[in-house]
Amino acid sequence: MVFMKKLCLKILMVFLSAAILSGCKSILDVTPQSSITEQVFFKSEGDFEPNLVGIYTVMRSLANNVTYGTERGEELISASNSRFTVAWSHTLSPSSGAVNYAEWYKGIGHCNLLLDKIQGFAFSSNPDLKKKIVAETYALRAYFYFHLLRIIGDAPLMLEAVVNDNVPLLPRSPATEVMKQIKADLDAAIQQFKGMSNFSATSYPSKYRFAYGSVLAMKADALLWSAKVLGGGNADLQEAVTVISDIETTGLSLNDNFGNVTGIRASANKEVLIAAYFQRDETAAGNYSKNALPFLSIIQGALNLDSIPYAVSSGNGQGAYQISPLSKSLFSNTADKRIPFTWILERQPSGPKVSWITKYPGTKYSDDRVPDNDIIVYRLADVYLMKAEAYAALNDVANSVKYLDYVRGRAGTGAYAGAVTKAAVEKEILDERGRELFFENKRWFDLLRFHKGGTVNVYTYVPNLAGKSTPLFWPVNSTVLANNPNIKQTDGY
Amino acid sequence: MKCLRICCCFLFLFGIQKGYSQSAEFTVSGTVRDSATHEPLIGVSISVKSKPASGTVTDEGGHFIVKLASGNETLLLRMINYSTKEVPVNNRREHNILLSTVSSQLGEVLIVGYTEQSVKKNTAAISKLDAAELKNNPNPNPVQALQGKVAGVSIPITQGQPGIGATNIIIRGGTKPNAYGSGLGNNNGESIGSSDGSDPLVIIDGVFRSMNDVNPDDIESLQVMKDAASTAIYGARGANGVIVIKTKRGRLNTRSSITLSHRTTWETQARDYKYLSAAEYLRLARTTVANTDDAINKDNLLNNGGFSAGTRVYTQPGQYGKNIYLTALYDNIVAVEGQQYVDNLLAKGWQTMDDPINPGTKLLYADNHYQDMLWKTGLSNTDNVTISGGTDKADYNFSMGYTDQKGVLVGTAYKRYNVLGNFGYQAFDNLKLDFMVNYQNVIPKYVDAYQNDLVRAIRITPLIRIFKDDGNPTPGELYTVRNRFHTLRYDDMRTSTERMVTRMAADWTIIKGLHFKPSLSYLIDDYTEMFMRKGTPADEVQPSMQRWKDDYTNSSRQLMIDQVLQYDFNVQQDHHVTLLAGMNYTRNTNHVKDMGSQRATNDYIYTIDEPTTTVINGAVFSNVVDFSTTLGETRSASFFGQFSYDYKMRYILGGTLRYDGFSNFAPDNKYALFPSLSAGWNIDKESFWKSNIVSSLKVRGSWGVAGLSGLSLSDTYGQYSSASYAMYAGIIRAGLSNPGLRWESTVTTDLAVDAGFLKDRITLSVDYYNKLTKDRLTSKPLPSEAPFTTITYNNGALRNRGVEVAIGAAIIRSPKFSWNANFSFAFNRTVITKLPQNNRAKNRQGGDIIFDKASGKEIEAGGFAEGERPYGIWGYNVLGVFATNEEAAAWNARIKDNLASPQGIIVGKRGGDFIFEDVNNDGVIDTKDQVFLGYRNPDKIGGIQNTFNYKGFSLRITADYALGHIISNGALARSMGQGRAFNEGAPSQAIGPDVWKAQGDEGKKYARFSFADYDFGQRNYLRSATLGNNNGYGSDVSVMFEKGDFLALREITLSYDFPARITNRFKAAGLNVFASVYNVAYLTGYTGLNPEIYSGFDPGGYPRPRQFSLGANLRF
C-alpha cells in the first residue's frame, strides 16, 4: 500500500505538471502548410508582380461582360436560345437589372492594397520593376473606374486600402470628379512608364497587360468621354488628338486581312494594343462569344453547315445571340470585306434561318470548337476612329475623314464619299464603329457618346429603347443602397 | 510535443492484486446467475461476511461450493459491474442467487460528460434512445433511426439515395440559421446546395467522429444531450448538442454467444410523378408551340428538329437511328430507310400519329418508357455476426457486418463492410484496461450531380431516344441533362471511405473512489474518389473534357488524448460527491491529393497514364486537369472540471467548468471558458410525498455555456490564393482577415419537470429551454465599395426558445398482451436577436425592399434582422389566370410585368398567363411586389412509437411529423414551363382540368403549359424572387407553394420470438424473425413528390423509397 500511495502521488504530480505544461500556448500553434495568410504575404518584393497578375483576372472578367457594353445597344437579337438580361429590353429599374458594383470595387480594392503595400519596398536592385508594377496598377485602377463611370455615372471614389470591416461609407462623387481621378491615375501610370531607365514607347512587353501605348489609348478613350459626356470641351478633344498621335508612334499597324483582327492571337497581332487573355485550358468557361456560337444539334441540316462556326457541345456554344437586322443594315456596301468575319446566314432547306455572329469564332480543335479568342480591349482601328471622332468634334472634318478612311481602306469600302459636314461625318464615324467594332463590347458606350454629342438619339435609334424613358445609366441595386446609407440612387430612377 | 509524450505515459500503469484463501465445515453450494438474463455468472467471488479473507469463485457453469464454519453465516457475493449482495445461509445447503448489474440497481444509467450517472440523479436534458429503435431500420445509416424518436431533435432526410444521411442533426434548432440548408446540390450526391454546419458533436466510445456509416447493429446505447448542463463539459464543440453512442461490449463471466442476423430489403419508389405518354406529349407539344404568342422560333422547333416533338427532313440512311429525337415524318423515313426499316420499328413498338398541327402528315415516333427503365426495385442484403462473452477477467464483443443496398434508381448502391472489436481486461483488481477497434469500408454509388443528373436528367421527354439503333446509349439531350444509361455506360466513378478507429483506455482505482482514466484514440479516415470517362462516339455531343480521369484522395487523421481524474466519496453516508478533473487534446490533420487528366489515348487503363501535354492544331495543350495537394491541421486543447453532489438522492447539484483552446483563433483569442450549473429535486424522495397517482416527480434546471469554433484559418488570418492570367502565375487576396474573432458561445437555460404516474406506468417529461447563441461566427455583409462583400465576423446573436414534451405509457400491461407508446412533441422558435450596428432598421443584413400593403409603405424585408425569424419566403402573388387575350390586353394597358423574359416583356400578357398582383399599384410588376408566403423550416416536430406484444409476437408502428414549413413545387413548375431547353417531360397536370388550355377558360389554377417560359415567355412558372428561394429549380410564385406539414407513417414491423422449447431443439438460445415496411406513407396536403423538404422548394429528384424487409436473428 505504501508503494501504491507513492505511485499515486507521482502520477498526480505528473498529471498536474502536464496540465500546466499544456497551458503553454505553443501546443496550439499550427503553421499553415497550404495557405498564404496575411501574416506572410507582402513581406517580400517578390510578392508584388504575382499580385498584379492576379488583378488582371478582374479586368478580364469585366472585359468579358456584355451586359454593360453591348446588350443595351442595337447589335443583338436572340437566336435559338435567349440569354439576355433586362438591359437588352431596357426594362431596367432599381428592382430589376440594377447593378451591384462589388466586382469593380474588388478590382479597385486589389489595386489600392498593392499601391499601399508597395510603398514600403525600395526595389533597390530593380527600381524599374517597381515602376512597372505601379504603372500597371494605376492603369488597372483607371480601367475599373472608367468602366464603372460609363455604367453608373457618379461613383464613390474608394482610394484607400481596406483591410478589415472598417469601410468608409462614401457618397457617390460626381462623374467629373471620378474622371479627374481616372486622368490622374493614367498620368501617374504614364509617368511611371516614362521614368523607367529602359523606357521605350514602342515596347509592349505583353499584349495582355497595360503598357505605355495601351494606357495612352485608354486615356484617349477617357478624354473623348470627358469631352462629350462630361462637358470637357475642346481641351479634352485636343488632348485626345495629341495622345493618339503618340500612340501612332508606338509601332502598330493594321492587319491587311480583317479576318486576322480576331483570327490572330493578341500576342502576335500587330494591330492590338491590349486584350483580355483567353485560352481554353486557363479559362474553361470561354468568353462571351459562347452565347453567339451555335451548337450542332440546333443547326443540323443546314445546307451551309461547314461554313458556320459551331460547337459540337452546347458547353462551348449556346446559340443565343445573332446579329440584329439594324446592325446588318449598316453593312450596306456588299463589298465590305468585314461581312464574312461579322456574321453568316444559316440556310436550311426550309429557308434562311439565323444570322450567326462570326466575329469571335473561337478555335476549332480536333475535339470541338472552343470560344477562346482573346477579347480585344483596344486596337489600332478603334484608335483611328477615336481620332476621327475627336477631329470631327473639333470640326476638323478633313483630318477626321483621313482617319476614317484608314479604316475603310482596309475594309475595302473605299474612301468616304458622303457629305463633308461635321454632322454627316460624325454619323458616319458612329456607323463605321458599328461595322468595324461589331460585337467587340463597345457599342453601348459609343452610342452614349454620340448621343450626348448630338449625333444620334438613342431613344429613337435603339429599337428596344424606343418609346421608353429608361435612363442611360444603370440603377444601383438594393444591396448597394442598404449597406451604405450615403449612396443615392442613380438619377432618373 | 512534450506535453503529448507525458500524456502517453499514463497509458502504462501498474496496480496491485490481492488473493484469497479458505477453510470451513458447513458446505453450501448453488448457482449464481444474472438477474436479467439468467445467464450463469462465472468468477463471482463468494466470501463469508464475518471472515472476508475466506471464500471461492464460481466456475464456468456459475456453480460454487463453499465450506462454512456454521449454517448461520452470511455469504458476501462480489463481482465487477454487479452490485454486492449479502445472502444469509439460514442453514440451507443450496442457494440459487441472482446478481443484478450495478446499473439496474441505480436504474437506467446515463453518460454525463466523463462520468456515468443514474437517471434519478441526472439534472440535465438528456434523451436516451432504446437500442430496439435502431434494430428495425432497413437503412444502413443509424441517423435514419433517430428520426421522430427524440423530442427536440430534427433529422432532415430529404432524399432517398442508399446510405445517405441527414443534412444536419438539428437539436433544438441548432445554433445556425441555415441548419436545414438552402439551394440545390450538385456534388457528391448532396441534395442541398449549402447549409450551415449545425451538427452536434458525436462521441462514439469516447472518440469524436461522425455518426454516418456506423453499423446500427453495433450500437448498444445512444443518447442525445440537449442542454448546457450536459454539453458544457464538451465545451468547444457542445453548442449544437452532443450525441453519445456506446457500442456493444461483452460482459464478464458470461458464456460465449454467437448471434447471426440477416435482413433482405426490397425498396420501391414511394411517390412518383405522372408524366404524359409520348402520344399525349407529342400532341400537346406540337399544338402548344404552334399556337403560342411567345417569341420562340416555331419553325426551328417544329420543322427543323429543334426539340423532341419536332420533325426534320432526313437525307441519309442511318441518321434517324442515332438521332436524339424520336419524332420523324413517316414518309420521310420510309423514303430514306425503306418500308422494311419502318415496319421493323412499328413491330418494336414505334407508333404513328396524324400531325395535330398539320393534318394529313403522318408522324412516326416512339415512347422511350424512360421512367420505367430508370426506377427499379432495389434489393438489399444485410448480414451481421456477433460473438460476445467474458471470463472472470476479460470480456469481449466481436462483430462483423456486411451491407449491400441497391437503390431504386438504376445504378445507385451502397456497400459497407465493418468490423468492431471491444475488449476489456481486468489486469488487476484496481486496473481495468479497454481496447476498441472499429474498421469500416464504405463504397457508395451515388448519383454525383444531384441537379444535373437527378433533378434534370430524369425528366427528359418520352420522345428522346435512349438507345441508338446500334445498341449504344445516346447522350440524351446535353451532358448536363444526360441519359442515365449513357452515364452508366461511359463513366466509371469509384468512391470509397476506409476508416479505422482504435482506442485504448484504462481505469485505475487509486484508492477507493478515486479513479484515474486515461485514454488515447487514433482515427484514420481515407476517402478516395477515382473517375474515368471512356471515349464517347465521335458522332454525338461531346463532353467538355474527353477521356477524363481523376484521382482524388483525402486522408484525415485524428489523435485524441484524454486524462480524467475522478473521485467519488460520501460524507456522513447521505452526502454523495463526485469530483472530476481532466484534459483533452485533439489534433486533426488532413492531406488531400488531387490529380486529373484528359485526352487519354485509350479506354484500357483506368489510372492516369497520359503524357502531360498534347499538340492540337500545332499548339501545345496541357492534359493536366487537376494537380494539387494540400495539408491541413487544427488542434484543440481543453482542461475541465466537473462536480456533482446529492443528498439522499433528494437534492442534486452539479457543475462543470471547461477551458478550451482552438488553433484557428488568433493568439489572444484562442482560449475561452465554458461554465455550467445544474440542480434537481426529487420531490418523490421526500418523506412527505405520499401520492399514489404521481409516483415520481422531479424538477430540474440548468444553465450553462457551450462553444463553437467553426472557423477556418483564413477567417482569422486572411487568405491569398492563386489566380493565373495569360499563363502568368498570380496571387490575389481572396478574403479579409479578422484576427479579432472570438469563440461563438451558446448560453442555455433549461427548466424541466419529470414525472411518473401510476407506479411510473405513465411518464412525462416537459422541458422549456432558452438558448442564446452569441458572437455568431458567420459572414457579415460589407458595403459594396469594399474589396469583398463579406467578412467573417462575430455577427450578432440568435435565440432558440422552445418546449419539448415526451410522454411514455404502458397503455396495456397484461401478462399476455402489452401496448407501450411513446409520444414526443417539440416546438422551437428561432429568432435573430442582435446584429452589429449598421444604420439600417433592425440592423438588417441582406434583404430587399418590398411594399407593405398593411402600412401602405415600402419596407425592408428578408435577410436577417433583429427580432425576426430567419428564412421566410416572399414570392409573387397570383390573383388568377387570364381567361382571354382581351382580359390580358386590358391588364397590359395598365401594368407591365418587368419580371417576364426580355422577349416576353415585348409580347406582353395573353390569355392563360398568370395575373400577378401589382401590390404597390405602380403599374410595374417588380421585386417590390413580393408578398410574404411562409417559412422554409418547420417549427413543430415530433413522433409517436407504438409497440404491441402478444406472446412472442411484437408489432411496432412508428410515425413522425413536421409542421410549419412551406414548399414550392419546383418540379411541377419546371415541367409546366419547360425550363430553357424545351426538353422536359410534361406532367399530367398539363392536360388536367386545373390548367388553362384555350381562350375563355375561366377560373383556372394553373397558367398555360408553355415552352421556354424563362427564356422567351412570361416567366409564369420560372420566376425567382430575391426574397424567395431564388433558385431556377424552385418557383417563387404563390400558386406553386403548398404547406409541407406531414405525418409520415414511418415503420410497421411485425416480429416473432420463437419460444425456447423450439429453439432448444436446434440448440439455439433464441430465434427472432421479422417483417417490416419502412417509409410506408405520408399524411400530407402537399401534392408534390416529397413533403420532407425543408429548403423551401422541391425540385424533384430522389425521394425516399418505400422499403419492405424480411429478416431473422439467431442466437447461440
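Which residue does the side chain of A:Glu136 join through a polar contact? Select A:Glu136 together with A:Lys132, and you will find their side chains joined by a polar contact of 2.7 Å, a polar contact being a pair of N or O atoms within 3.5 Å, where within protein one must be able to donate a hydrogen and the other to accept it, and where residues adjacent in sequence count only if both atoms are side-chain atoms.

Before going on, note that this is a predicted model, in which local features need pLDDT of at least 70 and side-chain atom pairs count only at pLDDT 80 or more, while totals for chains, interfaces and linings use all residues. Residues are numbered from 1 along each chain as its sequence is written, chains are lettered from A and ligands numbered from 1 in the order in which they are written, and side-chain values use heavy atoms, with hydrogens and water left out.

Stay with A:Glu136, which has its place in helix α6 of chain A; helices (H or I, at least four residues) and strands (E, at least two) are DSSP runs, numbered from the N terminus. A:Glu136 counts as buried because its relative accessibility is 1%, and buried means under 20% relative accessible area, with exposed over 50% and partly exposed in between (1.4 Å probe, protein chains only). Leaving aside neighbours within four places in sequence, A:Glu136 is in contact (heavy atoms within 4.5 Å) with residues including A:Tyr56, A:Arg209 and A:Phe210.

Finally, show both chains: 99 residues of chain B are in contact with 102 residues of chain A. Across this interface the rule finds 2 salt bridges, a salt bridge being a side-chain nitrogen of Lys or Arg within 4 Å of a carboxyl oxygen of Asp or Glu. Select A:Asp165 and B:Lys780, which form a salt bridge whose closest N and O atoms are 3.0 Å apart.
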